[in-house]
Amino acid sequence: MQLKMLKPGPIAMVTQSGGFGFGVVAMACQFGLGFNYVVSTGNEADLTALDWIADLIERPDVEIVVAFIEGIKDGRQLLQIGERAIELGKPVLIWKVGNTDIGRQAATSHTARMTAGYELFRAAFRRGGFIEIRDVDELIDIAKAFRTGKLPAGNRVAVLTLSGGAGVLLADRCIENGLQLPPLTEETATKLRGILVSFASAANPIDATAHGYNDNFASYSRAIREVLADPNIDQVIARVPRGSAARPWSEGLIELLAETKKPLILNWPTAPDDNGDVREYLERNNVPCILAPGRSVRALAALTEFAQKRRDFERRAARATPRAVSRQTLDLPAGPSSLGERAAKAALRAYGIPAVNEMLLSPSELSALNGITLNFPVAVKISSPDLPHKTEAGAVRLNVRDVSELKQVARELVESAKTYRADARIEGVLVQEMASGLEVIVGAVNDPYFGPTVAFGLGGVFTELLHDVTHRFAPFDAETAREMVNEIKGAALLRGYRGKPALDIPALADTLSRVSLLIADHADRIAEIDINPLFVGESGKGVVAADALIVLK
């Protein structure tokens with residue numbers, strides 16, 4: 001079948017669905033985009049979609065890669081592609097489908113239940129040179145925005161319109177997409193008040209009003225020039241005028257844009273064929289005209305996201321990142337199994353991860369017990385590699401106040417554990433000092449596709465109620481770990497909220513980095529790590545693991 005609407009251009013498409021992918025290309029071409037390569041990867045018996053993307057981003061005639069992906073087998077290759085794309089400055093518009101399938105069976109640890117397959121894809125897309133898209137309109141709009149060849153220096157946007165209502169709507173969408181609308185400098189505002197009519201608004205968003213129809217939009221063009229020159233502004237969204245003056249206005253705009261490195265996106269205010277010749281003229285000159293206000297902002301937000309990723313990439317490349325701890329030798333039993341809590345904490349301590357003070361007591365030691373070296377109240381648990389979830393087995397008791405109560409509780413916990421699982425191997429009774437602070441959960445999973453990954457989120461009831469979790473690929477440094485901490489919605493609780501003191505975020509970040517080293521160093525043996533809860537103390541008071549589980553392959 002011949003697709004007559006196809007046209008050449010600097011975009012490449014890789015798709016795991018040939019029929020759908022070629023339909024998408026046809027739609028994109030209809031809206032002015034051109035493709036020089038379109039590859040359907042078939043059953044991938046030889047080359048995979050990732051192989052094609054890796055090849056295409058290296059080609060000088062490719063500026064943008066679009067990828068329609070259902071699944072991959074090598075997550076680490078995806079990460080490498082993302083790093084290379086950001087290094088080259090070539091965005092990969094990634095369209096991942098099949099994200100709601102929960103068929104992946106949860107593993108033993110709580111961490112594994114926090115990690116669905118799509119969560120790791122999202123983590124990969126956030127880091128590298130990927131811009132995630134969800135439909136054809138996003139592909140078209142964002143590709144048009146990148147075709148300008150300009151990236152903003154920051155997220156500060158100016159909105160210029162000929163309609164006050166449109167300006168308010170665009171401003172709302174900017175804030176929702178993480179963009180800022182800062183005030184203009186007083187110098188720029190003064191110039192605008194001299195250019196625009198008295199009832200116009202020189203505040204951001206700037207409402208130039210419909211007065212432009214009286215001077216063929218000469219004042220509107222002058223206003224755009226001044227706003228683009230404002231040092232408080234990194235990028236601009238402007239509404240396009242209509243009518244016979246639109247063509248000469250657009251010619252002047254193209255000349256103006258040749259003088260600035262700041263990107264400008266035009267929000268098209270009417271039907272695509274109303275002044276359609278003007279729209280086609282602008283887009284032939286790489287001035288994107290996007291049909292809806294929300295779509296215009298989303299495209300600008302994509303430019304902003306990619307630009308920030310490039311700055312982050314350059315900063316990572318420039319910083320020296322020595323390991324927090326050298327590779328440690330661990331005494332891990334052969335074969336698939338779970339380490340009991342005490343053994344799991346020993347592995348954590350080997351990597352410098354603090355754990356609560358504790359002692360393991362045998363039944364004979366318990367019966368002869370007169371006192372302990374730990375401070376009451378204490379937590380009492382059954383230590384067993386066969387009881388990974390001690391709470392479910394009724395094998396945990398908190399706030400035990402004295403030796404007499406400790407002995408009674410220990411007997412009850414042993415009986416409860418045997419009732420829950422008669423063949424459970426009981427190493428003894430674990431007595432621990434009670435920890436305090438904000439509960440968080442830290443864990444790691446050796447994913448079959450992405451390899452060692454680390455998850456972090458709020459602990460306690462928040463873990464499953466809010467699912468406020470973020471992920472990174474191991475190993476990583478403490479600065480990357482701080483980015484993880486700041487990503488969760490509950491980060492305000494760590495920074496200090498409503499008069500409460502800030503917590504020890506540096507110690508938390510250091511622990512996250514050390515967990516990443518632990519699972520990366522021993523990826524051949526460790527399947528999962530679960531630290532739940534990890535208590536975060538006030539600033540300077542560190543963190544402490546109250547419970548831990550390590551699952552071996």
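This is a predicted model: local features need pLDDT of at least 70, side-chain atom pairs count only at pLDDT 80 or more; totals for chains, interfaces and linings use all residues.
**Entry 1: Arg498**
I take helices (H or I, at least four residues) and strands (E, at least two) as DSSP runs, numbered from the N terminus. With that settled, I looked up Arg498, which sits in the loop between helix H18 (491–495) and H19. Its phi is positive, about 50°, although Arg498 is not a glycine. Is Arg498 buried or exposed? Arg498 has a relative accessible area of 75%, and over 50% counts as exposed, so Arg498 is exposed.

**Entry 2: the whole chain**
I then stepped back to the protein chain, which has 19 helices and 21 strands. Along the principal axes, its C-alpha atoms fill a box of roughly 100 × 60 × 40 Å. I noted that 54% of the 553 residues count as buried. For contacts between residues at least 6 apart in sequence, I found that 73% join residues at least 24 apart.

**Entry 3: another positive phi**
I placed Asn399 in strand E14 (residues 396–400). Asn399 is partly exposed, at a relative accessible area of 44%.

**Entry 4: cis peptide bonds**
Next I checked omega. Asn204 and Pro205 are joined by a cis peptide bond, with omega about 10°. Where does Pro205 lie? I found Pro205 in the loop between helix H8 (186–195) and strand E7 (206–207). The bond from Asn532 to Pro533 is cis as well, with omega near 5°, and Pro533 belongs to strand E19 (residues 526–536).

**Entry 5: aromatic pairs**
How many aromatic pairs does a search of the whole structure find? My search gave 10. I looked at Phe20 and Phe68, a pair with 4.8 Å centre to centre and 45° between the planes. Why is this pair tilted? The 45° angle is neither under 30 degrees (stacked) nor over 60 (edge-to-face), so the pair counts as tilted. Phe20 is in helix H1 (residues 18–30) and Phe68 in strand E3 (residues 64–69), so I logged a link between distant parts of the chain, 48 residues apart. Phe20 is partly exposed, with a relative accessible area of 36%, whereas Phe68 is buried at 7%.

I turned to Tyr220 and Trp249, whose ring centres are 6.0 Å apart with the planes at 15°, so this pair is stacked. Tyr220 belongs to helix H9 (residues 218–229) and Trp249 to helix H10 (residues 246–257), so the pair ties together parts 29 residues apart in sequence. Both Tyr220 and Trp249 are buried.

**Entry 6: a ring cluster and charges over rings**
Which residues do ring pairs link into a cluster? I listed Phe121, Phe125, Phe130, Phe450 and Phe473. Lys96 lies over the face of Phe121, 4.7 Å from the ring centre. Arg247 lies over the face of Tyr281, at 3.9 Å from the ring centre.

**Entry 7: the cavity**
I searched for cavities of 30 Å³ or more and got one. The largest cavity has a volume of about 30 Å³. Among the residues lining the largest cavity, I noted Leu339, Glu341, Ser384, Lys390 and Leu549. By class, I counted five nonpolar, two polar and two charged residues in that lining.

**Entry 8: Ser513**
Last stop was Ser513, in helix H19 (residues 505–521). Its relative accessible area is 5%, under the 20% cut-off, so Ser513 is buried. What is Ser513 in contact with, leaving aside its neighbours within four places in sequence? I found Phe476, Asp477, Ala478 and Ala481.

Key
Residues are numbered from 1 along each chain as its sequence is written. Side-chain values use heavy atoms; hydrogens and water are left out. Rings of Phe, Tyr and Trp (its six-membered ring) pair if their centres lie within 6.5 Å; planes under 30 degrees apart count as stacked, over 60 as edge-to-face and the rest as tilted. Buried means under 20% relative accessible area, exposed over 50%, partly exposed in between (1.4 Å probe, protein chains only). A charge sits over a ring if NZ of Lys or CZ of Arg is within 6 Å of the ring centre and within 35 degrees of the ring normal. On a 1 Å grid over the protein atoms alone, a cavity is a set of points where a 1.4 Å probe fits but cannot get out, and a pocket is an open set with protein on both sides within 12 Å along at least five of seven lines; lining residues have an atom within 4 Å of a point. Grid points are joined across faces, edges and corners, and a volume is the space filled by probe spheres set on the points. Ala, Val, Leu, Ile, Met, Phe, Trp, Tyr, Cys and Pro count as nonpolar, Asp, Glu, Lys and Arg as charged, and the others, Gly among them, as polar. Contact means heavy atoms within 4.5 Å.
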